Amino acid sequence: MALVEAEGVHVRFGDRVVLEEINLSVNEGELHGIMGPNGAGKTTFFNTLTGRVKPNRGRIRLDGADVAGLEPHAIARKGVARSFQIMTLFNDFTAQENVMVALPAFRARGFDMLRAVAGDSGLADEANEVLASVGLGAKSAISAKLLSYGERRALEIAVALAQRPRVLCLDEPTSGLGTDGTLRLAELIRSLKGKLTIVAVEHDMRFLFSLADRISVIHWGQVVARGTPRELQENPWVKRSNLGSFE
Amino acid sequence: MAATPGVPLISLQNLRKVYTRGLIARQQTFKLEADLTIDGPGIVGVVGPNGAGKTTLFEMMTGSNAPTSGRVLVAGTDIHRVKYAERDRLAIHYHQSYQVRRFRKLVPSAFLAPSPVERPVVHLFDEPQFNTQDGYIGFMLDFFRKLRAEGRLVFLCLHPTASYHLEILNEIAERFLFVAGGTVTKVPNFGSLIAEERMRAYLGPEMTRAAEALA
């Protein structure tokens, strides 16, 4: 069953059309990859999905309810969490604190509460559990700024997971990562598969081909191809490309 | 589909664009003429030397550049008489990755007619960036086929600088427009295109041989 559905989503900034017409659906529990060349509209679609950009036309349904045009926090409250292409961590906070501030139990208490809850072992335990799930269990007391780039990516995902989302949106998760970092991140995302619905925007086709259940290819602001990685790899031009023999 | 049976998807009627230089002694710097009709859906390759007017032709077909004289009818509607904001509902123009929406607004939109259709009938792709390494070519070509299957008319303008560009044209285009010397000529297939002397001169000997091997 489709958990996320985009229907006829059209976005323009002034005279510039960024999304002509996006139609796609993401099933509950699947990892849906969105790929496309630079300037295809991937990030704008993501921003539309998470409420940062309001579509000029079209609908975005979450579990059947139209969320297009809602504010980002309202969409987040409905269970959509996201990571960003450019990281948005609190650099001076520890990994544990970064995760704690994203926990629903913490946010329920209001802001400026970090000091007050620093000794709250319930929240700390919950944060540590989330950190462990992304492989950062041993780094909980280290400041975000001292973590490696790959660890910061994982921490970003932990912050998103702390919100207990139904849909996790990852924007270019491999950006800036080297080969090793990408492999580790792929492992992490694979470990999350099936536990929640994941939508990943990524220009690295190999990464998506190895992880996604289904992929939508965006170009010219529209979905130009869709299918499972295997189906897409059947295309003779894909076979001829660098991706042809990739499993 | 929006198109009405019996009405050509595109009709260029005595279309003419002239650019001149100088205020008193006007000197013609560019001329392009086209008079042709394409009735039904299809995928049309558009080729010709740089500066011949391929992009100007596309701009006139999508209503972003007004002709000096003549008309462009898209599914029976003169696109230059449609409100600027609605011209992309008839014909849509992509230059590389981006949609072209720069209209020279000579007449206020209030005096222009609404588009009779909601979704574009003609799709023009001007020099899409094809790269054999990333595999996107296949998805782009499948997209052109999908548009055609939905009853639309697709134009693909390509400047063949590598032999795979010729492969793409041979694989996807059912017919061609050859733009050169100020005129637009309809060519029925890839073989006829390669046999055209002006096309061979434009391609040069090496690319001509590569094209002949495909034809």
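**A guided reading of the two-chain model**

The largest nonpolar core has 131 residues, and those with the most contacts inside it are Val99(A), Ala158(A), Val122(B) and Leu156(B). This core draws at least three residues from each of domain 1 (1-79 + 165-247) and domain 2 (94-163) of chain A. The model is a predicted one.

Chain A is divided into domain 1, made of 1-79 together with 165-247, and domain 2, which covers 94-163. The centres of these two domains of chain A, taken over C-alpha atoms, are separated by 26 Å. To the contact between them, domain 1 of chain A contributes 10 residues and domain 2 of chain A contributes 10 residues. On the side of domain 1 of chain A that touches domain 2 of chain A, H8(A) gives the most, with 4 residues. That side of domain 1 of chain A divides into 7 nonpolar, 2 polar and 1 charged residues.

Helix H7 of chain A, residues 149-162, comes next. At 1.5 Å a residue, its 14 residues should span 20 Å, and the end C-alpha atoms of the helix are 20 Å apart, which agrees. Of the 14 residues of H7(A), 12 are buried, so the helix is largely enclosed by the rest of the structure. Among these buried residues are Gly150(A), Glu151(A), Arg153(A), Ala154(A) and Leu155(A). Ala158(A) is also one of the buried residues of H7(A), and Ala158(A) is among the residues with the most contacts inside the largest nonpolar core. What covers the buried residues of H7(A) includes strand E6 (80-82), helix H3 (95-100), helix H6 (121-133), strand E7 (167-171) and helix H8 (179-192) of chain A. After H7(A) comes Arg164(A), whose phi is positive, near 50°.

Strand E3 of chain A, residues 31-35, is mostly covered, with 5 of its 5 residues buried. In a regular strand the side chains alternate between the two faces of the sheet. In E3(A), Leu31(A), Gly33(A) and Met35(A) point one way, while His32(A) and Ile34(A) point the other way, and all are buried. Which strands pair with E3(A)? One is strand E8 of chain A, residues 197-201, which pairs with E3(A) in the parallel sense over 4 bridges; here Leu31(A) stands opposite Ile198(A). Another is strand E9 of chain A, residues 214-219, which pairs with E3(A) in the parallel sense over 4 bridges; in this pairing His32(A) stands opposite Arg214(A).

Is Val26(A) buried or exposed? Val26(A) counts as buried because it has 24 C-beta neighbours inside 10 Å, where 20 or more are required. Val26(A) and Arg109(A) are 83 residues apart in sequence, and their C-alpha atoms are 33 Å apart in space.

The contact between the two chains takes 21 residues from chain A and 17 residues from chain B. On the side of chain A that touches chain B, the elements that give two or more residues are strand E2 (16-27), E9, strand E10 (222-227) and helix H11 (236-240) of chain A. H11(A) gives the most to this side, with 4 residues. By class, the side of chain A that touches chain B has 12 nonpolar, 5 polar and 4 charged residues.

In chain B, Val122(B) is among the residues with the most contacts inside the largest nonpolar core. Leaving aside neighbours within four places in sequence, Val122(B) is in contact with Leu9(B), Ile10(B), Met61(B), Val74(B), Leu90(B), Ala91(B), Arg152(B) and Leu153(B).

Two loop residues of chain B complete the picture. Ala75(B) lies in the loop between strand E4 (69-74) and strand E5 (77-78) of chain B. Phi of Ala75(B) is near 50°, a positive value in a residue other than glycine. Ala75(B) has 23 C-beta neighbours inside 10 Å and therefore counts as buried. Glu127(B) is placed in the loop between strand E8 (122-126) and helix H2 (136-149) of chain B. Glu127(B) is not a glycine, yet its phi is positive, at about 50°. With 15 other C-beta atoms within 10 Å, Glu127(B) is partly exposed.

Notes: Residues are numbered from 1 along each chain as its sequence is written. Chains are lettered from A and ligands numbered from 1 in the order in which they are written. This is a predicted model: local features need pLDDT of at least 70, side-chain atom pairs count only at pLDDT 80 or more; totals for chains, interfaces and linings use all residues. The expected span of a helix is 1.5 Å times one less than its number of residues. Two residues are in contact if their C-beta atoms, placed from the backbone, lie within 7 Å. Two strands pair if DSSP finds at least two bridges between them. Domain bounds come from an automatic or database domain assignment. Ala, Val, Leu, Ile, Met, Phe, Trp, Tyr, Cys and Pro count as nonpolar, Asp, Glu, Lys and Arg as charged, and the others, Gly among them, as polar. A nonpolar core is a set of buried Ala, Val, Leu, Ile, Met, Phe, Trp, Tyr and Cys residues joined through C-beta atoms within 7 Å.
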